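Please keep the model in view while reading.

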Number of protein chains: 2
Amino acid sequence: MSQSLGRALQILKSLGEGERSLDQLAAELGVHKTTVLRLLRTMEAERFVRRDSAHRYRLGSQLFALADVAREQHVVRQVAAPHLRELNQKTGQTVHLAAWENGEVIYVDKLDSVRSVRMYSQVGVPAALHCTAVGKVLLAAQPKRQREALLATLDYKVYTPNTITDADRLRDELQLTKERGWAQDKAEHESFINCIGAPLSDSTGRVVGAVSLSVPDVLLNYDQVLELLPELLATANAISADYN
Amino acid sequence: MSQSLGRALQILKSLGEGERSLDQLAAELGVHKTTVLRLLRTMEAERFVRRDSAHRYRLGSQLFALADVAREQHVVRQVAAPHLRELNQKTGQTVHLAAWENGEVIYVDKLDSVRSVRMYSQVGVPAALHCTAVGKVLLAAQPKRQREALLATLDYKVYTPNTITDADRLRDELQLTKERGWAQDKAEHESFINCIGAPLSDSTGRVVGAVSLSVPDVLLNYDQVLELLPELLATANAISADYN
DNA sequence: ATGAGCGTTGCGTATTCTGCAATCCCAATC
DNA sequence: GATTGGGATTGCAGAATACGCAACGCTCAT
């Protein structure tokens, strides 16, 4: 729609991965470096990008300022924050908050396990719908028409031996999720990590997000994770109750 | 330089202040709403902007995704973080970290006072050079030519009765700052708040940032703040030492 | 039902962006 | 100190791109 802006956003995303030189950026975008230079200059003027002494470009402070604000604005996140912290402290496990954004499920917040076992999720990045607890929760809550459309078009990428790889099995799983009010992920996304997830609803009952707990099986096996279910559901309910 | 990009960045900044409707944005920019719509669409596609059900626009999650990654990159910040936390805990006062960026001094990190007295600084926002401790520290460390150029072009805005309002007095102050290795701000920026600041240097001795302590005088008078000086300098030295 | 207020779309125009090529700047090398 | 090379920068002319207009649609409220 807007070409130059689109390119500029690509530049920002690229800079998000690390500093770049002018030529590097030009090569990545496949455009002339003059073009990149001019985009960088405009962004530099507004401090979205900065340039160090060696002419290498990085993200600028304006971006940080905005990002902080964006977080605050994210209502679900704001309401959920204290409850997530509590859940994180009580269980000691990794807690995720996710929400729909533009037809994708995006991780909106993450609190690491106190045992600091590394997880490959990242705030702001889309979650797979077919093999994560939050994905299943939010997918299950979609109106039937859209759910089926998504089921049909999903890319059933295989992450582990347990990953669900076809629409029929996933449909059953979603049915189960909806009936019992929570979703599981038995090492379907990352081997050795089990998750359970629950929906967050607003006052009208519409699902606006999902919370999940992720536990490596060196710490707890799946049955032990299920013992955390009451805590998870209590948190989800508390957030939903606050959300008015 | 790039008109459409420039407008898009203005939109982002505007959204940083709160959610907006299409027309509002068009009015603020003084352009046709079609134009705004197209820019928003491109940004939406990359999740820099999101749109709620009522067609109101907000900042999107891509922003905090970028910021999270980039913050880690900010080496000074990364190296300084644990030391700042320690300083914050030991003194209980507000701690700031600032660095040059595009010819301005920008607050890069901030740890609030445990007494949570509100301060009008904000991460990502420029600091005044003539009336803040970090500003003076970094200005004093500039090469003479640039320092004089800045002294000549500064906008000596008056914030409090103590604000330094001319180049000559500021030059003396910078001289003093350089000699003793730290800067003061005796209620020059915010009435009733005194600050002390110290420089951070890399292995070659080049000043790469500044740390400061800010204390409202209801808690400590200026002489009492000076008693925190050893802590501040120790922190600055520790950060400088780590920075290799 | 009707209208008002926004958001959205198609289209022609001209502004704006682009890529090229020449130039400049800095740094390293001889 | 001159020379060479890599990268950044600038001027320019052509063309794609973004712009504004005006008409259409949608939703909500009266």
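**The contact between the chains**

Because 100% of the interface residues of chain B are also interface residues in chain A, the copies meet through the same surface. The model discussed here is a predicted one. In it, 41 residues of chain B are in contact with 45 residues of chain A. On the side of chain B that touches chain A, two or more residues come from each of helix H1 (3-16), helix H3 (33-45), strand S2 (57-59) and helix H4 (61-73) of chain B. The most is given by H4(B), with 12 residues. By class, this side of chain B consists of 19 nonpolar, 12 polar and 10 charged residues.

Helix H1 (3-16) and helix H3 (33-45) of chain A each supply at least two residues of the surface near DNA strand C, as do H1, helix H2 (22-29) and H3 of chain B. This surface has 3 nonpolar, 11 polar and 4 charged residues.

Within chain B, helix H6 (residues 133-140) packs against helix H8 (residues 167-180) at an angle of about 80°, and their axes are 9 Å apart. H6(B) and H8(B) are therefore roughly perpendicular to each other. On the H6(B) side the contact involves B:Lys136, B:Val137, B:Leu139 and B:Ala140, which meet B:Glu173, B:Leu174, B:Thr177 and B:Lys178 in H8(B). The residues of this contact divide into 4 nonpolar, 1 polar and 3 charged.

Chain A contains an open sheet of 5 strands in the order S5-S4-S8-S7-S6, with antiparallel pairing. Strand S5 (104-111) and strand S6 (183-186) of chain A are the edge strands, each pairing on one side only. From one strand to the next, the twist averages 25°. Strand S4 (residues 94-101) and strand S8 (residues 207-216) of chain A form an antiparallel pair over 5 bridges, and A:His96 stands opposite A:Ser212 in S8(A). Helix H10 (residues 229-242) of chain A packs on the sheet, where it touches strand S7 (193-201) and S8 of chain A; the direction of H10 makes about 25° with that of S7(A).

Note on methods. Residues numbered from 1 in each chain as written. Chains lettered and ligands numbered in written order. Predicted model: local features only at pLDDT ≥ 70, side-chain atom pairs only at ≥ 80, totals over all residues. Contact = placed C-beta atoms within 7 Å. Helix = DSSP H or I, 4+ residues; strand = E, 2+ residues; numbered from the N terminus. Nonpolar A, V, L, I, M, F, W, Y, C, P; charged D, E, K, R; others polar. Axes fitted to C-alpha atoms, helices over the stretch in contact; angles between N-to-C directions. Parallel < 35°, antiparallel > 145°, perpendicular 65-115°, else oblique. Pairing = 2+ DSSP bridges.
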